[in-house]
Amino acid sequence: MRRIGVLTSGGDSPGMNAAIMSVAKAARHYGMSLIGIKRGYNGTLCKSNHIEDDMVELDLDTILDIADQPGTYLRTARCLDFLRPEMRAHAVSNIHEMGIEGIVVIGGDGSYHGALELCQLGVPCVGIPGTIDNDLAYTEMTLGYDTALNSCVEDVRAIRATSRSHDRPGVVEVMGRHCGDIALKVCAGTGAEICLVPEVPWSIQEVVNRLCRQIDMGNLRATVVIAEGAWDSMQPYDWQHYLMECHERVHDDSTISTSYLAKVLKHKCKAEARPTVLGYTQRGRQPSAYDSWFAFEAGNLAVNLLRNGIGNQVIGIKDGRVYYMPIVEALQKKREFNLSLYNLINSL
Ligand code: F6P
């Protein structure tokens, strides 16, 4: 192969830049030129006026310093157009026109589905699991998860320190889409007492009971950590009833949020519960040493797979080592939630 492409797609994650950099280093080492495809799969559709706005030759020397930067140098996006077969065919013709013979796709589950489509249309792809969510079953860790987790642990520790000073409980929402791994490990890492995840159903009453019990035991700064996806696993309840009791009204159930939960807890447990949504602080961090290492090895392996004609693969971590497996098999694997850790956190 003489020319390959690299793109980042979906939510950005710490370590994406390190992976781009590693791909660029390996490409140069093996005498291949590298095209940076901008804004995820959108870049393959060449929608802009200038081709350089969508696909640009990456010169290692100009990107040498990006490895430790947060975010993604190539920009990222979700690309709904790519769901349409005629747009994918258009993308493939642009990819051929640019002389790109294989693509390194850095992104999560949705990005991998796009990569699979490209593979089936004859463009070899290798995936690097760039997402903070840790929701891909075939790998022990996704790229960016470690950094996001460390960021959340630091933030929850800070929240708990102030909560202790004021004897106030905290309700903290973390990211993770449909995966509770960030919330789970944040609780394990900070001693937060109540963990709510998408994988396990829960009810408002149960959280009220548990927080009240903590307060009765003298723990006035207990922390509820809720994964953003846990709103979907909340058991049917009369949300309006709880809110009316504390003189609040929600007109649309899709707007239920951490601040409402804090209001209900404040009212029911007679404690000044304070809400915090950590949001993008989790994603926009400099990669941890672990994520930088993973990105470095993954980028290098991705280029080697492509140049050896081993396309249609994804890279992950197994037994602490970087490995690869076919993209089709990876997407079929079912995630196992760590229920015993969840039970341990919530029962102690
Ligand atoms: O997939 C990464 C992620 O950060 C999820 O945790 C979150 O649900 C989603 O992206 C948010 O996406 P956006 O930044 O587009 O709102």
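Arginine 285 counts as partly exposed, because its relative accessibility is 30%, where buried means under 20% relative accessible area, exposed over 50% and partly exposed in between, computed with a 1.4 Å probe on protein chains only. The model is predicted, so that local features need pLDDT of at least 70 and side-chain atom pairs count only at pLDDT 80 or more, while totals for chains, interfaces and linings use all residues. Residues are numbered from 1 along each chain as its sequence is written, and side-chain values use heavy atoms, with hydrogens and water left out.

**Salt bridges**

The side chain of arginine 285 meets that of aspartate 155 in a salt bridge of 3.8 Å, N to O, a salt bridge being a side-chain nitrogen of Lys or Arg within 4 Å of a carboxyl oxygen of Asp or Glu. This pair links distant parts of the chain, with arginine 285 in the loop between S9 and H11 and aspartate 155 in helix H6, 130 residues apart. Helices (H or I, at least four residues) and strands (E, at least two) are DSSP runs numbered from the N terminus. Aspartate 155 counts as buried, at 17% relative accessibility. A search of the whole structure finds 16 salt bridges, including those in the table.

| Lysine 266 | Glutamate 272 | 3.5 Å |

Glutamate 272 is partly exposed at 30% relative accessibility, as are lysine 266 at 36% and arginine 274 at 40%. Elsewhere, Arg28, Asp59 and Asp61 are linked in a network of salt bridges.

Aspartate 54, placed in helix H2 (residues 51–54), is buried yet has no salt bridge, and the nearest side chain of opposite charge, that of arginine 39, is 6.0 Å away. In this count Lys and Arg are positive and Asp and Glu negative, whereas His and the chain ends are not counted. Leaving aside neighbours within four places in sequence, aspartate 54 is in contact (heavy atoms within 4.5 Å) with residues that include Gly36, Ile37, Lys38 and Asn42.

Eleven of the 14 residues of H1 are buried, so the helix is largely enclosed by the rest of the structure. Among the elements covering the buried residues of H1 are strand S1 (3–8), strand S2 (33–37) and helix H11 (289–307). Just after H1, glycine 31 takes a positive phi of about 70°.

Helix H6 (residues 145–166) has 22 residues and reaches 31 Å from its first C-alpha to its last, close to the 32 Å expected at 1.5 Å a residue. Aspartate 167, which follows H6, has a positive phi near 55°.

An open sheet of seven strands has the order S3-S2-S1-S4-S5-S10-S11, with mixed pairing, where two strands pair if DSSP finds at least two bridges between them. Its edge strands are strand S3 (55–57) and strand S11 (321–326), each pairing on one side only. The twist averages 25° from one strand to the next; axes are lines fitted to C-alpha atoms, for helices over the stretch in contact, and angles run from 0 to 180 degrees between N-to-C directions. S5 and strand S10 (residues 313–318) run parallel and are joined by two bridges, with valine 126 opposite glutamine 313 in S10. H11 lies across S1, S4, S5, S10 and S11, running at about 145° to S10.

An open sheet of four strands has the order S7-S8-S6-S9, with parallel pairing. Strand S7 (194–196) and strand S9 (274–277) are its edge strands, each pairing on one side only, and the twist averages 15° from one strand to the next. Strand S6 (residues 170–174) pairs with S9 in the parallel sense over four bridges, and glutamate 173 stands opposite valine 277 in S9. Helix H7 (residues 181–190) packs on this sheet, touching S6, S7 and strand S8 (223–227), its direction making about 170° with that of S7. Helix H10 (residues 258–269) also packs on the sheet, touching S6, S7, S8 and S9, and its direction makes about 165° with that of S9.

Terms used: Expected span 1.5 Å × (residues − 1).
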